[in-house]
Amino acid sequence: MVNASLVQGRLPVSQLHAIITPRLKKLGLDAADIANYRHLSNVSFASKLVERAVAIRLHSYLSSNDLLPSCQSAYRKHYSTETAMLRVWSDILMAADQHQVTLLALLDMSAAFDCVDHDLLLQRLQIYFGLSNAPLEWIRLFLSDRTYQLGIWR
């Protein structure tokens, strides 16, 4: 099923459908305030299976072709927020040893993916990462042809 999906560059329509269920971000928040909710997208088991397989293959491709940024800590084995912080701390100490001024700007990127321009992402996957044909089409369909249904409010 996974191989057929990737070779054809398509996903069955049933795997492009999600049921959106609003959930409170934290217990105790005002349930009347819509800003206190986040949405959960529930997709089919088959969809999760194919998505996971594609993620593993894509990560393997990026790793084996040395296409991941050297300072990236997310989604890599043996890397974490702790290794990222150790790298920042090491850079700060090295700058201090050389009597350099260090400035640190921290950004909240928790909703960054919601702002990604899908056409730009697909273009970069093609130009910088060498994806083309069926795999690129698969990702394009995954990002664009989705349908949603509102689930039960709790």
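Predicted model: local features only at pLDDT ≥ 70, side-chain atom pairs only at ≥ 80, totals over all residues.
1. Ground rules. Local features need pLDDT of at least 70, side-chain atom pairs count only at pLDDT 80 or more, and totals for chains, interfaces and linings use all residues. Residues are numbered from 1 along each chain as its sequence is written, and side-chain values use heavy atoms, without hydrogens and water.

2. Helix pair. Helix 4 (residues 118-127) and helix 5 (residues 133-144) have axes that come within 11 Å and cross at roughly 165°. That makes the two helices roughly antiparallel (an angle over 145 degrees). Axes are lines fitted to C-alpha atoms over the stretch in contact, and angles run from 0 to 180 degrees between N-to-C directions. Helices are DSSP runs (H or I, at least four residues) and strands likewise (E, at least two), numbered from the N terminus.

3. Their contact. His-118, Leu-121, Leu-122, Leu-125 and Gln-126 of helix 4 meet Leu-136, Ile-139, Arg-140 and Leu-143 of helix 5. Contact means heavy atoms within 4.5 Å.

4. Core. The largest nonpolar core has 14 residues, of which Val-50, Trp-138 and Ile-139 touch the most other members. Such a core is a set of buried Ala, Val, Leu, Ile, Met, Phe, Trp, Tyr and Cys residues joined through side-chain atoms within 4.5 Å; buried means under 20% relative accessible area, exposed over 50%, partly exposed in between (1.4 Å probe, protein chains only). Helix 5 gives the most to this core, with 4 residues.

5. Asp-145. This residue sits in the loop between helix 5 and strand 3 (147-150). Asp-145 is partly exposed, at 37% relative accessible area. Leaving aside neighbours within four places in sequence, Asp-145 contacts Leu-16 and Arg-140.

Note on methods. Parallel < 35°, antiparallel > 145°, perpendicular 65-115°, else oblique.
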